[in-house]
Structures are given as C-alpha cells and as structure tokens.
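Biologist: I have a chain open here and want to understand how it is put together. Can we go through it piece by piece?

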Amino acid sequence: MSYLNQPDYVRYVCNCGSLKPISKIYFCRYCFKIRCGYCVCHEVDSHYCPNCMENLPPSEVRLKRNKCSNCFECPCCFQTLSTRAGHVPLRVAPPEGEDSKDVKTTPKKVYYLSCSLCRWTSRDVGIPDQSVATGGWPEQENPHISRINALIEYHKILASIEKQKCDKKMYSLPKYYYTPITLFERTSFSRLGHSNLVRSYWLRNGQNEKPVHQYVNQPPPAVASEEVEELRAGIFTEPVDITKITTLEQRLRHPEVQAENVNELRPQHRQFFVKKSLRCRVCEHNLIKPDLCPHSIKFKVQLAAFYHVPEVRIVTCEPLRPGKSSELLLKFCNPTPHQTQITLLPLDTPMTSVVAVVNEKEEIKQEDGQQGSESPNLLPSIVRQVPVAVEEKPIEITANADLVLPHSSLILPRKDDAAEYDYSTDTHNFQDDPKLVIWRKGNKAVIKLHVTPHESIEENESQPVIIGFVMQYGYVNTITTPEHKAPQKLDLKVKLYLTVGNIVGSA
Ligand SMILES: [Zn+2]
Ligand SMILES: [Zn+2]
Ligand SMILES: [Zn+2]
Ligand SMILES: [Zn+2]
C-alpha cells in the first residue's frame, strides 16, 4: 500500500483529460468509465466531531458554526485539550473572635484545560478554573460580530432572490442540474421574516429586473482609509522574543481575533469533520458512500478504481539513452474476481468501448465484496439518463519515447485471496510467450517491453522519459438489469502514461 503514496510514475487518463494515479480515481460500473475527483459530485453526508464522535444533523451543525461545543483544541499546537482536575484550598472566613489558625481549609475540586503535547494550560493565560468538568468556559467575543451579522443577513436575502430566479428560469431541466448551491440554501426564510420582502421584490419587478439593492437595505460598504495605527516606538530597536509572539498558523486558526501575543491565545472549539459521498456526474450513481456512523470506517459503496481496473507497476527499467533501446519490466495485477485479458495498444487507438461477448449461460460468480449494494437514494432512471457534456481537457503530456508493443495479449486469472498465502509453485496452463511474460503468480504477471527514448532528449535537461499506451482489459459487469440478466463481458480501454526514468548518458 505504501506504493500508492509514492510519486505518480504510472498515471491513468481520466475521461475529463486529467492524469491521476490509480489510488486517486474511481470506476463507475454503470458508465464503465474512469472518474476522477473532478468528474464526481462531492456531497457532504454527515458531520461529526473527531474527538467525541458526536454526529449532528446539518441544521444543528450550522447553528454551532461547524464546531463542537464540548471539545477544545490547543491554540498553540492544535491538539485536543483534555480537562484536568485540580484542588484548591478553600478558606472559610473565620467567625469573629476566633483565631484564624483554627479554621479548617476544605479542598475544592476545580477543572482546567491542558494540552498533553505542548503543556499549554488554560491557567497559563489566566482563564479562571471551572467548578464543573463539562465546561462553562468563557467564550471569546468576536470584535466584528455586528458587522458580520449584518452582512450575513443581507446575503441571505440575495441568495433567496437568486434561488427564486433560478427556479423560475430552469424549471425545464431535471432537478439535479439546476438546484443552485447557495450558501444559505436550506435557510428557512419565513422564520427570518424575509419571505414578504422577497415576494414583494418579485411582484414589483415582474419581468423587468431591477438591481436588488433598491429593495434591500445594503449594509454600508467597507471604506479603505489611509490612516493606520503608528508602529510602536521601539519596534526596530527592541530585541524580538519569538517565544512570546504567535505564529502565522496560530493567528489564522482564529481569524476573527488574530492574537499577536502568546498570552492572548484562547482555547478554540474543535472543528467538525465531514463524511463525503461521491456521485458520478453522468449517471448520478454513488461511487463512494461511507457508513454514516462516525465510528465506522466502512463504506456502503466503494467503487475505487483499484478494485476494478488492472493495476500497472514499473518493476525495473534499464538505463535510458537517446535512440537506444532499453528493457522495461511492467507488472500487471488483476483486482477483480473474474479472469481478464489485457492487450496493449498504441496511444492513437480510438477509446470507444465495445461489448465483446454476451454470454447468457455464464453463471453469476461470487460478487466482489467491495462493490457493496446500490445506493439507496438512487434517482429514477428518467432523471439518471440525462447526457451531460463533461468538458474535456487536452492531455498536457506527450510521450517522448517509442514503445514496442507486444502482439499477443496477456491473460490474468481472477484475484483469489487464499492464493496470496499459497507459497507452493503456481500451476497455471497459460500459453504464454516466454519472450513477453517473464514471471507469473496468481493474478499478477510481469512482462518485458522495449523502450527507445527519442533522439531529441538531452541528458542535462533532466527531462523525464515518458511512454504511453492504451490498455484494453476485459471487464465483467455483474449488475443485472431487466435487459441483461446474465453478467456482461466488456472490453474496456484506458490510456496510461508512465514516467520510466531519466536519460543517463548520450550513448
Ligand atoms: Zn476526470
Ligand atoms: Zn466533540
Ligand atoms: Zn498544545
Ligand atoms: Zn457513471
């Protein structure tokens, strides 16, 4: 798995034209296409606190400004603060006439916040100890709160007017494509008392649109001023003690105050994390859907490409010289529970995929455990089949070496988890070309290819040698539809670019 975090030597071309390593792409098994982060809709499924694992509905999350009310983080090192208990002797005032020495001091339990990593405590900055462990910690007031609230109110009105405009204009499109994503989308404005205002705006305007600000009280815009505070007299002469000045990161963690000195830092509420689901933009099926429970790391749907598309790795490459042929060893791995056939084709091959064989008699083999169930919030098929032109980017990379492609195809058996631990010699009966396939075990095989870098590459330019090819692989579609009851066999294609190394010498 550590291989997946290394620099991207092997990159797959997504249908949008971006190049991604296999660990960062998804495979839509409804469109049979590779999808990258740009080709999927990112949707927030749930918010949770990474410390106390509290899971809250979106409306409450917005009220709490995406922050957990119970957990705090250290303002210095951003670790979670823990509540510590301490005792302070509580002196009771002696009754009159008695000696103060005889009065007993009863210890009282108090609580303070402490960072176990950098040893920062709430006592350091003079925050009074609390008598209850659950909090009641003083909140720091935002100095610009009234201005921010005025701006939020104003933009809520603008957002609701804009949303109504969109609703009117685009009613003919399917819902999914026109729902405007505004910041205050789910704000109920009847509660805020804006509905009459918005309605009157529409009644007065009709078709002729007038600027919105005529009907809404716009807060006064911010004005730039030339007068700024004078610098302290000793700023250039006094020695700087960097242990007492906050870092840029510490200031930006708390943008409303941006404390300059370390003793002005206050504990901050912990930010919520989100669980995201990813949806194919074309067919609207879920490609990634996490389990909603914050404790779970499982997925309901997990269509990452490394479970469906053969993985290519560079094993070794001989030293590369311009115009000279070098040996390149590539390893192919079949992650699916079905046998696949891999054919390498030149880069200019058309990328249309063909349904090769429809074998009605073939039995449904074991389902891939990773594929999971279908999304429960799947949209009806009428909405789903809307064609969307995904804007295609040109591929920004060109191959600068020739690759001699093999004439025969490579057959890879299905992935068998038990075989991974079987160290006995493999018995397989594939009629391999010994010049092409040099190693084979389970669902993996290593093939030998020859690379000839172009003469034009100079050694000192440190320009990497890049090769490219189209990999055609057999994919078995196990999704059954009323039209296709049996699994469908398809030949899919994906374009790959491999950075095989640098030029090491002229000849
Ligand atoms: Zn893409
Ligand atoms: Zn929490
Ligand atoms: Zn700390
Ligand atoms: Zn799709």
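Biologist: Which residues is Val500 in contact with, leaving aside its neighbours within four places in sequence?
Modeller: In this predicted model, Val500 is in contact with Ile314, Cys317, Leu320, Leu328, Val451, Val465 and Ile467. Two residues are in contact if their C-beta atoms, placed from the backbone, lie within 7 Å.

Biologist: Which members of the largest nonpolar core touch the most other members?
Modeller: Tyr26, Ile34, Leu287, Val451 and Val500 do, out of 48 residues in that core. The largest share, six residues, comes from strand β22 (residues 464-477). A nonpolar core is a set of buried Ala, Val, Leu, Ile, Met, Phe, Trp, Tyr and Cys residues joined through C-beta atoms within 7 Å. Apart from this core lies another, of 11 residues, including Cys74 and Phe272.

Biologist: What counts as buried?
Modeller: A residue is buried if 20 or more other C-beta atoms lie within 10 Å of its own, exposed if 12 or fewer, and partly exposed in between. Of the 507 residues of the protein chain, 20% count as buried.

Biologist: What are the numbering and confidence rules?
Modeller: Residues are numbered from 1 along each chain as its sequence is written, while chains are lettered from A and ligands numbered from 1 in the order in which they are written. As the model is predicted, local features need pLDDT of at least 70, side-chain atom pairs count only at pLDDT 80 or more, and totals for chains, interfaces and linings use all residues.

Biologist: New topic. How many helices and strands are there?
Modeller: The protein chain has seven helices and 23 strands. Helices (H or I, at least four residues) and strands (E, at least two) are DSSP runs, numbered from the N terminus.

Biologist: In what order do the five strands of the open sheet come?
Modeller: The order is β6-β5-β11-β12-β13, with antiparallel pairing. Strands pair if DSSP finds at least two bridges between them. At the edges are β6 (55-56) and β13 (299-302), each of which pairs on one side only.

Biologist: How many bridges join β5 to β6?
Modeller: Two bridges join β6 to β5 (residues 40-48). His47 stands opposite Leu56 in β6.

Biologist: And where does Met53 lie?
Modeller: Met53 lies in the loop between β5 and β6. Met53 has a positive phi of about 60° although it is not a glycine. Most residues other than glycine have a negative phi.

Biologist: Why does Met53 count as partly exposed?
Modeller: Because Met53 has 13 other C-beta atoms within 10 Å.

Biologist: What about Phe32, where is that found?
Modeller: Phe32 is in the loop between β3 (26-28) and β4 (33-35). Phe32 also has a positive phi of about 60°.

Biologist: Back to contacts. What does Ala399 touch beyond four places in sequence?
Modeller: Ala399 touches Leu347, Ile466, Ile467, Gly468 and Tyr497. Ala399 sits in the loop between α7 (381-384) and β18 (401-404). The C-alpha atoms of Ala399 and Pro464 are separated by 9.9 Å, though these residues are 65 apart along the chain.

Biologist: What is the average pLDDT of the chain?
Modeller: The average is 79, and 77% of the residues score at least 70. pLDDT is the predictor's confidence in each residue, from 0 to 100. Over residues 178-195 it is below 50, and pLDDT stays under 50 over residues 355-387. Where pLDDT is low, the predicted coordinates should not be read in detail.
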